[in-house]
Amino acid sequence: MSIRTPLARVRGLGAAKDGTHHWWLQRVTAVILIPLTLWFVISLLSISHADYAAFQQWLSNPIRAGLMATLLVATFYHASLGMQVIYEDYVRPEGAKVAALLVTQFVLFVLGAISVIAVLKVALGG
Amino acid sequence: MSAANKRPLSPFMIGPYYKPQMTSILSITHRATGAALVAGTLLLVYWLVWAARGPGFYESAQLVLGSMLGQLLLFLWTWALFYHLANGIRHLFWDAGYGFELEQATKSGWWVVWSSIILTFLCWLIAAP
């Protein structure tokens, strides 16, 4: 016996109304971030002491700039999804939770946009 | 307040109710490192934006990140990153249905702890000028 309506059951979206969408995107971005993060850390090892000219030269390669942009988008998306789960678990009351979520997601979106544009600016000639 | 809100809840994992266990400590550390890495993105954005502002700004950002405090933050960031990466891979295996036995979860947990520490020191040995 279930008190759920047949329509709710067939939609399979649960109480949160979006089913596994959040969970799935957190995993998709996690999987993308594994190779990208390893690439980024290894790259940082080679350019950590680089002067501006060497750094600009490094980032002017379109593949590297593209990987950096993808890394940044995936990172800030993953960060936003992760912070949402933390707030949903720990922040009360509801109003504070929504406010914290809105502010964090707005800030993370802006940081993502700023960092991608910064990468493009350096990559396209500084 | 509806009646639903008065239902008993199981107590929070940190506190007098549960004995701290290796697996639960690693679990909360995953969240803590995740949140710390979000704060750490500010360093990354700072570095990229100062690079975009020109050579002078880039050099000053390199000096800030090369200072004692900058290096300390970057060292902690490295460990948090490797921990979250390694434990994230552990989570993905669980998502795929592997490694749920207590013995396996403990063993993979120690793998996460030691690989994150070893990779962190390895990176800093390589990066040392």
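Reader: Which residues of the largest nonpolar core touch the most other members?

Author: In this predicted model, the largest nonpolar core has 29 residues, and a few of them stand out by how many other members they touch. Across the general run of soluble globular proteins, nonpolar side chains tend to be buried together. Here the residues that touch the most other members are A:L59, A:A118, A:V119, A:V122, B:L48, B:A51 and B:A52.

Reader: Which element gives the most to this core?

Author: From chain A, the elements that each supply at least two residues of this core are α3, α4 and α5, and from chain B they are α1 (22-52) and α3 (68-95). Because domain 1 (37-66) and domain 2 (68-129) of chain B both give residues to this core, it lies between them. With seven residues, the element that gives the most is α1(B).

Reader: How many residues of chain A are in contact with chain B?

Author: The side of chain A that touches chain B takes two or more residues from each of α2 (21-47), α3 (52-59), α4 (62-90) and α5 (94-123) of chain A. The residues on this side divide into 15 nonpolar, seven polar and two charged. Facing 25 residues of chain B, the number in contact from chain A is 24.

Reader: Is chain B spread out or compact, and what is its radius of gyration?

Author: Chain B is built of four helices and zero strands, and 20% of its 129 residues count as buried. The globule rule gives 14 Å for 129 residues, and chain B lies well over that, so it is more spread out than a compact globule, with a radius of gyration of 20 Å.

Methods: Residues are numbered from 1 along each chain as its sequence is written. Chains are lettered from A and ligands numbered from 1 in the order in which they are written. This is a predicted model: local features need pLDDT of at least 70, side-chain atom pairs count only at pLDDT 80 or more; totals for chains, interfaces and linings use all residues. Two residues are in contact if their C-beta atoms, placed from the backbone, lie within 7 Å. Ala, Val, Leu, Ile, Met, Phe, Trp, Tyr, Cys and Pro count as nonpolar, Asp, Glu, Lys and Arg as charged, and the others, Gly among them, as polar. A nonpolar core is a set of buried Ala, Val, Leu, Ile, Met, Phe, Trp, Tyr and Cys residues joined through C-beta atoms within 7 Å. A residue is buried if 20 or more other C-beta atoms lie within 10 Å of its own, exposed if 12 or fewer, and partly exposed in between; C-beta atoms are placed from the backbone. Domain bounds come from an automatic or database domain assignment. The radius of gyration is taken over C-alpha atoms; the globule rule is 2.2 Å times the number of residues to the power 0.38.
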